[in-house]
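Visitor: I am new to this structure, and I would like to learn how to read it. Could you walk me through it?

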Amino acid sequence: MNLPAAFTEACARLDIPLTDHCLHVNVTTQTLTHFHGDTAKTFTASTSKHGTGQQMDSFQTPLGLHCVVEKIGAGSPVGTIFKGRKSIGTNGKGNPEARITDRILWLSGLEPAFNEGGTVDSHDRYIYIHGVGDESHLGHPDSQGCIHLSAADLLPLFDAVPESSLVYICKN
């Protein structure tokens, strides 16, 4: 796996072994890259329109090493809208009011006092990788802290990436 140096350095610093599937979110380029074996596939993403930051209620995208702790929405139709991680309808495709759609990969921070615990806990902040009804803003900061992907990219990624897979979010 040809991961960015910052990703592998964070794993080494925290003594966390690499997983078979690794996701790298680059806030500067608004991309998410899925690393698996010798392959790397990059998708257009959107992170927070409020920038990066760790604090609860900041609506910023948290940096650092995370893992996927829960996968929500398996088998749901494209356009499924989620509220409180529960399906509330299927008319999300193209709907600008549908803020969380298709699938959810719920993240948990792995760096104590940085993105894990207290007022910086990414899991308690409900930081996800998920779909969004209006995909026209992908490639530009547009979320409230989460990472948005198109349904076409998210669904196969969701199926491929197991829980416990590592996710590294950085500015470059």
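**Reading the cores and a pocket**

Guide: Gladly! Keep in mind that this is a predicted model. Start with the largest nonpolar core, which has 20 residues; L32, L107, I129, I147, L149, V167 and I169 have the most contacts inside it. Two or more residues each come from β1 (21-26), β7 (101-109), β9 (147-149), α2 (151-160) and β10 (166-170). Helix α2 gives the largest share, three residues.

Visitor: Which residues does L107 touch, beyond those up to four places away in sequence?

Guide: L107 touches H66, C67, V68 and V69, then S122, H123, I127 and I129, and also I147, V167 and I169. There is also a second, separate core of 11 residues, and L3, A10, F35 and C170 are among them.

Visitor: Is F35 buried or exposed?

Guide: Buried means under 20% relative accessible area. F35 has 8%, so it counts as buried. F35 sits in strand β2 (residues 31-36). Leaving out residues up to four places away in sequence, F35 touches M1, N2, L3, P4, D20, H21, C22, H24 and A40. A45 is 10 residues from F35 along the chain, and their C-alpha atoms are 16 Å apart.

Visitor: What is the volume of the largest pocket, and which residues are closest to its centre?

Guide: The volume of the largest pocket is about 420 Å³. It is lined by 19 residues, of which F59, R125, Y126, Q144 and C146 are the closest to the centre. Strands β5 (81-83) and β8 (128-131) each supply at least two lining residues.

Visitor: How many lining residues of the largest pocket fall in each class?

Guide: Nine are nonpolar, five are polar and five are charged.

Key
Residues numbered from 1 in each chain as written. Predicted model: local features only at pLDDT ≥ 70, side-chain atom pairs only at ≥ 80, totals over all residues. Heavy atoms only, no water. Core = buried A, V, L, I, M, F, W, Y, C linked by side-chain atoms within 4.5 Å. Buried < 20%, exposed > 50% of the residue type's maximum accessible area, 1.4 Å probe, protein only. Helix = DSSP H or I, 4+ residues; strand = E, 2+ residues; numbered from the N terminus. Contact = heavy atoms within 4.5 Å. 1 Å grid on protein atoms, 1.4 Å probe; cavity = no way out; pocket = protein on both sides within 12 Å on 5 of 7 lines; lining within 4 Å. Points joined across faces, edges and corners; volume = space filled by probe spheres on them. Nonpolar A, V, L, I, M, F, W, Y, C, P; charged D, E, K, R; others polar.
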